[in-house]
Amino acid sequence: MRAKKNWSMLLLFFLLVCTPLEANPTVENFDWPKSGVVVGERVNLRSEPSTSSKVIGRFAHDYEGGELVVTGKSEGNEEFPWYRVLSHKYGEGWLYGKFIAVEEPEDPVRRYALKIRGDFGLSPALAVKMFGEPMKRTREKIRIPDFNVTAEIVTLQFHGHTAAYWDGYIQSVEIPAGFMGFADLLLGMDAGEAASRLGTPILQEGNSLIFAYERDEIAVATGRSGKGKIVTGLTYRRVVFD
């Protein structure tokens, strides 16, 4: 009996030593989000980077979710990595790399726009999750005859910024004063330095410089101080209908 037990222990030891251990996945968090779109049909958004995790939502077809904000990546022993994404429809979750096309934005305005959407919430639910309940919430519907649609607008006023959402998707963020900013664009910083990070303005309206790329627009309000011209306000807008 003792010999049989010893052989069993040796066999168990052999299996433990010789069986390769599954490597723990490495997770990379993106300081600056990337752009992503769904590729495929009936693509699952999951709670964790695993096919065994809970399904949060399902994209029926390509581009259903619009442009996703990609905030991180998890790589393990699978053929494709998993990407952590923000969706205005389903919130935050993970998509398998086979079913998402990820792009690094080259234009500075687009790069900041993705960062703003990630930092201030793609949807009202995501905004409340990050900042808590707003000081004021308003809801209204407007008719847009040119496009034959009616849009529902939700405006959330937080301490330090106000954000508006059209049909559940972020449309604008305004920082009129205080300590907040858009990534490294901060109130009180040198206006020339802020402008250099955004590229060439498309126009100037009063004391505001307007920078734009496709649907995204960033306005930098400027004013005078003892140190020269500084940033006094920041506004982000996204064209909803064009």
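Rings of Phe, Tyr and Trp (its six-membered ring) pair if their centres lie within 6.5 Å; planes under 30 degrees apart are stacked, over 60 edge-to-face, and the rest tilted. This is a predicted model, in which local features need pLDDT of at least 70 and side-chain atom pairs count only at pLDDT 80 or more, while totals for chains, interfaces and linings use all residues. Residues are numbered from 1 along each chain as its sequence is written, and side-chain values use heavy atoms, with hydrogens and water left out.

**View 1. An aromatic cluster.** Phe 80, Trp 82, Tyr 96 and Phe 99 make up one cluster. The model has 8 aromatic pairs by the ring rule.

**View 2. The stacked pair Phe 120 and Phe 131.** Their centres are 6.1 Å apart, with 25° between the planes. Phe 120 belongs to helix α2 (residues 108–120) and Phe 131 to helix α3 (residues 124–131), so the pair ties together parts 11 residues apart in sequence. Helices (H or I, at least four residues) and strands (E, at least two) are DSSP runs, numbered from the N terminus. Phe 131 is partly exposed at 32% relative accessibility. Buried means under 20% relative accessible area, exposed over 50%, partly exposed in between (1.4 Å probe, protein chains only).

**View 3. Phe 120 meets Phe 182 edge-to-face.** The ring centres lie 5.8 Å apart and the planes stand at 85°. Phe 182 is in strand β12 (residues 181–182), 62 residues from Phe 120 in helix α2. Both residues, Phe 120 and Phe 182, are buried.

**View 4. Charges over the ring of Trp 32.** A charge counts as over a ring if NZ of Lys or CZ of Arg is within 6 Å of the ring centre and within 35 degrees of the ring normal. The charged end of Arg 111 is 3.8 Å from the ring centre of Trp 32. For Lys 115, that distance is 5.9 Å.
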